Amino acid sequence: AMERFEDSQEGSEWNREAYYEDFKFSRMSDQWPDAIKKQRTQEARPCLVINKLPALIRSVVNESRQNKPAIKVSPVDNGADEDTAEVIGGLVRAIERGSNAEVAYDTAIDQSVTGGFGFFRIGIDYAHDETFDMECRIERIPNALMVHWDTASTKFDASDWEFAFVSEQINKREYERRFPKGSMVQFDGDTRNDASDQWINEDTIRVAEYWLREAKTRNLIQLEVPNPETGEMDLIVVREEDLPEIAKQFFVAGGIEPTGGSDDELTRAFLAASQQAERRRREVEYHEVTRRIINGVEVLEEDDWPGSTIPICPVWGDEIYL
């Protein structure tokens with residue numbers, strides 16, 4: 001994780017510096033070069049700034065607010081249904097309303113117009129304090145510089161990010177409250193380097209969400225299944241690792257309790273009993289995403305994310321490759 005953070009820092013450093021300078025120039029009206037500003041101050045001469053940029057930025061952001069892209073769910077294959085697509089679309093709109101997604105979108109757009117890039121994120125949390133039900137939320141990232149992304153990415157939607165960090169600096173008292181069992185290790189002497197210094201200093205500790213996306217493989221099997229209505233063979237696709245559980249459910253439904261034998265034997269018995277036959281198979285790649293909360297030396301929390309991509313959504317400005 002430390003190596004990847006350092007890679008991201010080096011790979012995005014020019015953009016991050018430019019982002020910071022753009023914000024100072026446009027939002028904080030810091031438009032005089034330091035040397036000239038210092039000279040004029042010493043000579044008691046004024047350093048007037050008539051900042052026209054905020055109005056121009058607001059005009060672009062307001063136009064995007066009025067013409068906001070919407071998430072539309074469309075049925076696209078013969079197994080899809082327009083009514084189901086409408087229901088899913090309603091759920092998406094309910095998630096956007098419930099999580100005040102417009103604020104997340106507008107913040108990211110404002111950051112992108114001003115500094116070149118911005119982000120919002122997808123999260124999962126309890127619906128309220130009196131339930132175990134979980135719900136999806138669209139959340140804003142207030143400071144785009146909190147995000148360190150995979151700079152080897154080439155896809156515009158960031159779906160090929162292999163890692164990402166969302167970090168924050170917190171004081172040591174807050175750190176002890178949130179992570180009472182976490183170590184608070186100061187890097188000193190020969191163990192301190194540029195990478196570790198990004199994480200811990202004398203007053204604050206940078207705690208980060210470390211998102212990791214790992215590629216794995218599995219086998220897909222295409223089966224020929226007899227259709228009792230037409231008498232013809234239908235084709236279905238299943239994962240190889242799911243076949244033993246499907247076989248168990250098949251035998252239990254028929255009043256037979258499968259005992260003993262390996263998963264392979266159970267699968268072969270199921271295919272023979274159900275008159276199904278394997279037609280072909282292929283190896284496919286899939287991805288698993290893990291979320292970790294880390295400090296400079298250890299993992300404080302860890303859990304799996306139920307999606308195949310890292311749930312941080314970039315809003316890029318102009319994209320230029322050098």
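1. Helices (H or I, at least four residues) and strands (E, at least two) are DSSP runs, numbered from the N terminus. Asp7 lies in helix H1, which spans residues 2-27. The model is predicted: local features need pLDDT of at least 70, side-chain atom pairs count only at pLDDT 80 or more, and totals for chains, interfaces and linings use all residues. Residues are numbered from 1 along each chain as its sequence is written, and side-chain values use heavy atoms, with hydrogens and water left out.

2. Patches are made of residues with over 30% relative accessible area and no salt bridge, like charges being joined within 9 Å and nonpolar side chains (Val, Leu, Ile, Met, Phe, Trp, Tyr) within 5 Å. Asp7 is partly exposed, its relative accessible area being 46%. For this term, buried means under 20% relative accessible area, exposed over 50%, and partly exposed in between (1.4 Å probe, protein chains only).

3. The nonpolar patch. Ile124, Tyr126, Phe132 and Met134 make up a nonpolar surface patch, and together they have about 460 Å² of accessible area. Accessible areas come from the Shrake-Rupley method with a 1.4 Å probe; for residues, only the protein chains shown count as cover. Phe132 sits in the loop between strand S1 (117-126) and strand S2 (134-140). Phe132 counts as exposed, at 73% relative accessibility.

4. Asp106 and Lys68. Asp106 belongs to helix H5 (residues 101-115) and is buried, with a relative accessible area of 12%. Leaving out residues up to four places away in sequence, Asp106 touches Arg65 and Lys68; contact here means heavy atoms within 4.5 Å. The side chains of Asp106 and Lys68 also meet in a salt bridge, at 3.0 Å from N to O. Because Lys68 lies in the loop between H3 and H4 and Asp106 in helix H5, the pair ties together parts that are 38 residues apart in sequence. Lys68 is partly exposed, at a relative accessible area of 24%. A salt bridge is a side-chain nitrogen of Lys or Arg within 4 Å of a carboxyl oxygen of Asp or Glu. In general, side chains of opposite charge can pair when their charged atoms come close.

5. Arg291 and Glu209. The structure holds 20 salt bridges. In one of them, Arg291 pairs with Glu209, and the closest N and O atoms are 2.6 Å apart. Arg291 is in strand S7 (residues 277-294) and Glu209 in strand S5 (residues 204-226), so the pair ties together parts that are 82 residues apart in sequence. Arg291 and Glu209 are both buried.

6. Arg281 and Glu240. The side chains of Arg281 and Glu240 form a salt bridge (2.9 Å, N to O). This pair links distant parts of the chain, with Arg281 in strand S7 and Glu240 in the loop between strand S6 (233-239) and helix H8 (243-253), 41 residues apart. Arg281 is partly exposed, with a relative accessible area of 41%, and Glu240 is partly exposed at 31%. As for networks, salt bridges that share partners join Arg121, Glu139, Glu209, Arg291 and Asp303 into one.

7. Positive phi at two alanines. Ala44 has a phi near 60°, a positive value in a residue other than glycine. Ala44 lies in the loop between helix H2 (34-42) and helix H3 (53-66) and counts as exposed, at 71% relative accessibility. Ala158, also not a glycine, has a positive phi of about 65°. Ala158 is in the loop between strand S3 (147-149) and strand S4 (163-171) and is buried, with a relative accessible area of 3%.

8. Leu91 is in helix H4 (residues 82-98) and is exposed, with a relative accessible area of 53%. Leu91 and Leu266 are 175 residues apart in sequence and 40 Å apart in space, C-alpha to C-alpha. Thr267 is in helix H9 (residues 263-273) and is buried, at a relative accessible area of 11%. Thr267 touches Leu243 and Pro244, not counting residues up to four places away in sequence.
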